[in-house]
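Me: I would like to learn how to read a structure feature by feature, with the cut-offs stated along the way. Could you take me through one?

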Amino acid sequence: MVARLVVAAPASGSGKTTVVTGLMAAFAERGLAVSPHKVGPDYIDPGYHALATGRRGRNLDAYLCGTELIAPLFEHGAAGCDLAVVEGVMGLFDGAAGQGELASTAQIAKLLRAPVVLVVDASSQSRSVAALVHGFASWDPEVRIGGVILNKVASDRHETMLREALDESGVPVLGVLRRVPQARTPSRHLGLVPVAERQPEAVDSVRALAAQVRAGCDLEGLLALARSAPGPAAEAWDPGVACGSAGQAHPPYAGHRRPRIAVAGGPAFTFSYAEHAELLTAAGAEVVAFDPLRDEELPEGTRGLVIGGGFPEVYAPELSANEPLRKAVAELAFSGAPIAAECAGLLYLSRSLDGQPMCGVLAAEGRMSERLTLGYRDAVAVCDSSFAQAGTRMRGHEFHRTVLEPGAGPSAAWGMRQPARRLEGFVQQGVHASYLHTHWAGRPDVARRFVDGCAR
């Protein structure tokens with residue numbers, strides 16, 4: 001059994017990521033193998049989790065993957081660990097718009113049968129904190145709030161008032177944290193600055209967060225609460241089973257036929273789910289990482305390309321300056337090789353981004369925008385592609401402050417069903433490019449289809 005804990009808050013901005021990262025690092029420093037998880041489609045927070053624990057951060061998203069996969073994906077990611085810490089999203093009961101509790105932290109906690117620790121921003125309240133905590137603890141009897149961590153506490157006197165108020169709530173105080181400037185992490189237009197862009201400073205931030213948590217939290221009490229969770233909620237997810245390759249004596253395309261798929265990484269392309277590479281490998285591919293900022297060639301023998309999300313707008317001059325790689329990507333695309341591109345990858349394949357030349361594969365121009373596009377999407381594949389068969393339904397997520405004109409090619413990638421009907425993205429030759437971020441664990445057939453296309 002893996003001990004587990006969900007860390008939630010009444011609202012965004014309460015300090016969940018600060019507390020969670022500090023907890024993960026503090027427990028890891030004690031020699032525990034800590035498995036980091038994040039509720040929702042967030043790509044940035046898991047980078048800090050990984051830095052704190054030394055393990056890949058994994059997402060738990062009931063909208064993208066379906067409720068039936070949450071416990072199996074959790075058990076897969078937490079296998080062999082002593083403790084799993086799950087960071088919530090938004091407020092505890094906030095989920096997909098108009099979908100009730102779907103994709104909320106509360107739903108994930110129930111699916112994992114995990115106790116919840118509520119992080120409360122106490123900076124502008126005293127006795128009212130008890131009413132707030134009581135309301136959250138009693139709202140849904142299936143959600144067990146096992147403790148509170150008070151954040152942004154101003155003074156010893158303030159702490160005393162808060163503790164006295166919470167004595168009446170029946171929910172124990174498991175931590176009190178003060179403001180510590182050096183533990184802050186910088187933000188910009190899409191949230192925290194990713195770890196890959198500020199590695200030395202991020203290491204220092206995580207150390208400071210761990211020290212803050214050690215000083216202010218009851219680690220023994222939190223660990224005891226985590227160990228009070230019941231046994232495994234489900235059997236672990238298996239990428240081989242998901243792809244239909246489990247039990248085979250050799251992986252598909254063994255030996256010289258095993259197609260090599262290059263996956264973009266580095267500071268400009270940090271948005272990816274761990275399960276994607278696992279599914280590609282299980283489906284028979286050899287997965288090789290490359291960095292479009294530094295590598296002037298694609299990995300030798302590349303038969304397919306996956307370019308996920310990230311911040312190409314931040315690195316547009318550097319990406320543009322790497323002309324040899326841009327040409328190599330264009331040549332691969334025009335050869336008909338399968339390419340799956342999401343958001344940042346879509347922009348990288350366009351003609352230009354903020355006036356900087358990109359790969360020129362797609363007849364479209366990208367630019368930064370003042371408007372944030374954010375939310376879950378329900379989509380259907382408009383035509384056959386290397387990624388999906390026409391009619392394939394997938395749920396995804398958009399998260400960007402850029403605009404691409406036009407937003408769809410002559411053959412669009414998706415027909416968006418929710419929240420508004422529209423065509424989006426590009427399908428041409430082997431390229432499937434779109435703003436839509438998808439989680440392939442929810443549709444493992446797309447990974448198998450993509451690998452099969454690369455093998456051919």
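Me: Which residue just after helix 5 takes a positive phi?

Reply: Helices here are DSSP runs of H or I with at least four residues, strands are runs of E with at least two, and both are numbered from the N terminus. Just after helix 5, Arg113 is the residue with a positive phi, of about 55 degrees. This is a predicted model, in which local features need pLDDT of at least 70 and side-chain atom pairs count only at pLDDT 80 or more, while totals for chains, interfaces and linings use all residues. Residues are numbered from 1 along each chain as its sequence is written, and side-chain values use heavy atoms, with hydrogens and water left out.

Me: How many of the eight residues of helix 5 are buried?

Reply: Buried means under 20% relative accessible area, exposed means over 50%, and partly exposed lies in between, for a 1.4 Å probe and protein chains only. In helix 5 (residues 105-112) six of the eight residues are buried, so the helix is mostly covered. The buried residues are Thr105, Ala106, Gln107, Ile108, Ala109 and Leu112.

Me: At what angle do helix 1 and helix 2 pack?

Reply: Axes are lines fitted to C-alpha atoms, for helices over the stretch in contact, and angles run from 0 to 180 degrees between N-to-C directions. Helix 1 (residues 16-29) and helix 2 (residues 45-53) pack at about 20 degrees, with their axes 8 Å apart. That makes helix 1 roughly parallel to helix 2, where angles under 35 degrees count as roughly parallel, over 145 as roughly antiparallel, 65 to 115 as roughly perpendicular and the rest as oblique. The contact, meaning heavy atoms within 4.5 Å, involves Thr17, Val20, Thr21, Met24, Ala25 and Ala28 of helix 1, together with Asp45, Tyr48, His49, Ala52 and Thr53 of helix 2.

Me: What is the strand order in the open sheet of six strands?

Reply: Strands of a sheet pair through backbone hydrogen bonds, either parallel or antiparallel. Two strands count as paired if DSSP finds at least two bridges between them. The order is 11-10-12-13-21-20, with mixed pairing, and the edge strands, each pairing on one side only, are strand 11 (286-290) and strand 20 (426-428). Strand 12 (residues 302-307) and strand 13 (residues 339-342) pair in the parallel sense over three bridges, and Ile307 stands opposite Ala341 in strand 13.

Me: Is Cys81 buried or exposed?

Reply: Cys81, found in the loop between helix 4 (70-78) and strand 4 (83-87), counts as buried because its relative accessibility is 7%. Leaving aside neighbours within four places in sequence, Cys81 is in contact with Val2, Ala33, Val34, Ser35 and Arg55.
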